[in-house]
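Please walk me through this structure in plain terms, starting with its side chains and ending with the chain as a whole.

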Amino acid sequence: MALEITDANFEEIVMNSDKPVMVDFWAVWCGPCKMLGPVVNQIADEYEGKAVVGKLDVDANQQYAAQFGVRNIPTVLIFQNGELVGRQVGVAPKSAYTDAIDKLLA
């Protein structure tokens, strides 16, 4: 299951992680976000212990969505050592997300 990431814990979970981090920026009312949700949870389970996978609700947490220029949702950002290294806007095949993580684990 994906972690719940908020403005309050973003720094600790995402920026200070020694593992690759995938963050799904989403909202409850967003149809495509609902389609992507189960995929994000699958990835979280498959990469447990190897990567951090979380979801950030942009309605409740706007600070980091604004900081990283998230204008459309769903947007998935990939971080490595606190730096933004990947971005996927809209729903993509699961492999688009896992490939991005796998590159960082190689």
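**Rings, charges and the overall fold**

Lysine 50 sits over the face of tyrosine 47, 5.2 Å from the ring centre. A charge counts as over a ring if NZ of Lys or CZ of Arg is within 6 Å of the ring centre and within 35 degrees of the ring normal. Lysine 55 is placed over the face of tryptophan 26, at 4.7 Å from the ring centre.

The model is predicted: local features need pLDDT of at least 70 and side-chain atom pairs count only at pLDDT 80 or more, while totals for chains, interfaces and linings use all residues. Residues are numbered from 1 along each chain as its sequence is written, and side-chain values use heavy atoms, with hydrogens and water left out.

Rings can also pair with each other. Rings of Phe, Tyr and Trp (its six-membered ring) pair if their centres lie within 6.5 Å; planes under 30 degrees apart count as stacked, over 60 as edge-to-face and the rest as tilted. By this rule there are 5 aromatic pairs. In one of them, phenylalanine 10 and tyrosine 64 are stacked, with 4.0 Å from centre to centre and 10° between the planes. Phenylalanine 10 belongs to helix α1 (residues 10-15) and tyrosine 64 to helix α3 (residues 63-67), so this pair ties together parts that are 54 residues apart in sequence. Tyrosine 64 also pairs with phenylalanine 68: the ring centres are 6.5 Å apart and the planes are at 20°, so this pair is stacked. Ring pairs link Phe10, Tyr64, Phe68 and Phe79 into a cluster.

Across the chain, 47% of the 106 residues count as buried.

The chain has 4 helices and 5 strands. Helices (H or I, at least four residues) and strands (E, at least two) are DSSP runs, numbered from the N terminus. From that end, the elements run β-α-β-α-β-α-β-β-α. The radius of gyration, taken over C-alpha atoms, is 12 Å, close to the 13 Å that the globule rule (2.2 Å times the number of residues to the power 0.38) gives for 106 residues, so the chain is as compact as a globular protein of that length. Along its principal axes, the C-alpha trace spans about 35 × 25 × 20 Å.

Note on methods. Buried means under 20% relative accessible area, exposed over 50%, partly exposed in between (1.4 Å probe, protein chains only).
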